[in-house]
Amino acid sequence: MRKYHIITHGCQMNDHDSERIAAILENLGYEKTESPDRADFILFNTCLVRENAELKVFGQVGALKGWREADPKRILAVSGCMMQTGPAGDIIRDKYPQVDLVFGTKNIEKLPILLKELEEEGRVFDTSTYSVDGSDLDLAFDRKSSFSAYVNIMTGCDNFCSYCIVPYARGREASRPPREVLEEVNFLAKAGYKEVTLLGQNVNSYGKDFQVDFPSLLAKVAETPGIDRVRFMSSHPKDLSDDLIHVIAKYPNIERHFHLPLQSGSDKVLREMNRHYTREDYLALVDKLRKAVPDITITTDIIVGFPGESEEDHQASLDLCRKVEYDNAFTFIYSVRPGTRAGEREDQVPDTIKSRRYQELCDVLYPIFNRKNQAMVGKRVEVLFDGQSKNDPRKISGRDSGYHLIHVPGDQNLVGQIRQVEVTEANSFALMGRVLN
Ligand code: 5AD
Ligand code: SF4
């Protein structure tokens with residue numbers, strides 16, 4: 001039987017696309033292998049949100065030249081956002097002859113046809129927008145986990161934040177009909193899944209074409225019998241509604257965690273980023289969230305070194321981080337993305353300044369994460385365990401409802417279970433604990 005191996009970069013959307021690609025390959029008779037050496041088909045599912053994600057792919061594809069040339073029947077494929085837009089697809093075609101097949105985010109459903117074409121034509125490059133009437137129903141995914149599942153509720157993004165390439169790679173925003181989403185969640189609950197994560201670039205703008213907005217959809221998902229935990233991402237602060245906050249407060253099985261991407265704490269930079277909120281608006285939202293759901297954790301995304309960012313702007317970001325006291329954050333150095341508005345600007349911040357600001361941001365954030373995590377010591381939390389700890393094979397890791405990463409001594413039997421845990425220790429990035437029941 002032919003074996004496939006998929007390497008996924010980037011966000012949860014890409015992870016979920018890879019689950020779809022895996023299901024298609026398995027339908028065609030392929031079998032999964034964790035070992036690239038044993039594979040007949042290797043696929044890179046790529047990301048282009050920052051430049052280093054792109055550079056990594058070229059390096060990895062380059063390294064597989066020998067593997068590909070060792071057997072003419074092998075297939076090396078590249079898919080994902082990086083292939084859907086920009087020059088990378090052409091570079092792969094011209095400079096990496098070992099790559100047989102390229103396809104984008106919009107024609108995953110076409111994979112069986114592309115593989116047929118490949119048999120006939122030798123090399124296939126297709127990043128067209130093509131939509132087969134592919135079933136979106138759950139059986140069509142080969143999910144990595146048997147207890148926690150991603151569910152797409154929408155695709156694309158219409159926000160055009162000026163630094164971001166995603167709207168070009170993932171296209172216009174489109175919501176999936178609520179009936180379809182709920183059918184999938186029901187199916188997952190019956191199949192024994194305990195946790196679902198609703199995915200969209202900006203879930204708050206869900207349902208513009210339907211009578212059901214995101215808070216109502218979230219409430220219906222939370223009411224599904226058997227679903228113990230509901231997560232969602234991402235939320236744009238500009239359209240986070242009171243209704244959504246009420247729904248979170250009402251349903252205890254909705255995670256006590258809100259990911260609220262800030263990007264910058266400077267009103268000038270926020271305006272130039274096309275974010276449509278001010279630091280005051282943002283702080284008011286945080287306040288509202290904490291009042292309505294006192295135990296909620298708040299995490300964020302922050303970029304340093306956006307074009308034209310002055311020292312004062314940077315200080316405004318640091319100040320806002322101190323004010324909000326985030327539980328965790330993804331921190332990014334601004335990366336020029338060709339074709340975006342910010343990418344065209346002349347006033348790019350020099351790399352040395354960007355690195356210094358990045359360090360200063362971490363220096364502000366990490367002690368806050370540590371302080372907040374220390375405050376968890378002695379508390380009881382409910383943890384869904386998802387696998388062995390990456391750093392210590394004798395430990396099992398999981399997440400509580402506040403999305404804290406938590407490690408406990410234990411064995412694989414815990415994986416997939418929800419258990420009460422007492423937090424015993426903490427550092428800036430994780431909690432340690434012991435299972436109570
Ligand atoms: N440079 C740096 N970070 C970026 N992000 C998106 N585009 C860029 C870029 N050009 C970050 C944003 C977003 C997260 C997924 O990636 O913070 O929320
Ligand atoms: Fe990019 Fe902004 Fe859309 Fe998020 S909301 S995907 S940052 S354009």
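**Figure 1. Residues around ligand 2 in the predicted model**. Ligand 2 is surrounded by residues with a heavy atom within 4 Å of it. They are Cys157, Asn159, Phe160, Cys161, Tyr163, Cys164, Val166, Pro167, Gln201, His236 and Arg275. By class, this shell has seven nonpolar, three polar and one charged. Ala, Val, Leu, Ile, Met, Phe, Trp, Tyr, Cys and Pro count as nonpolar, Asp, Glu, Lys and Arg as charged, and the others, Gly among them, as polar.

Figure 2. Strands are DSSP runs of E, at least two residues; helices are runs of H or I, at least four; both are numbered from the N terminus. Polar contacts are pairs of N or O atoms within 3.5 Å; within protein, one must be able to donate a hydrogen and the other to accept it, and residues adjacent in sequence count only if both atoms are side-chain atoms. A polar side-chain atom of Arg50 lies 2.9 Å from an oxygen atom of ligand 1. Backbone N or O atoms approach nitrogen atoms of the ligand at 3.0 Å for Tyr163 and 2.8 Å for Ser335. Taken alone, ligand 1 exposes 400 Å², and the protein buries 85% of that. Areas come from the Shrake-Rupley method with a 1.4 Å probe; for residues, only the protein chains shown count as cover.

**Figure 3. The salt bridge between Lys110 and Asp126**. A salt bridge is a side-chain nitrogen of Lys or Arg within 4 Å of a carboxyl oxygen of Asp or Glu. Here the closest N and O atoms are 2.5 Å apart. Lys110 lies in the loop between strand S5 (101-103) and helix H6 (111-121) and Asp126 in strand S6 (residues 124-126), so the pair ties together parts 16 residues apart in sequence. Lys110 is buried, at 9% relative accessible area. Asp126 is buried too, at 11%. Buried means under 20%, exposed over 50%, partly exposed in between (1.4 Å probe, protein chains only).

**Notes.** Residues are numbered from 1 along each chain as its sequence is written, and chains are lettered from A and ligands numbered from 1 in the order in which they are written. Local features need pLDDT of at least 70, side-chain atom pairs count only at pLDDT 80 or more, and totals for chains, interfaces and linings use all residues; side-chain values use heavy atoms, with hydrogens and water left out.
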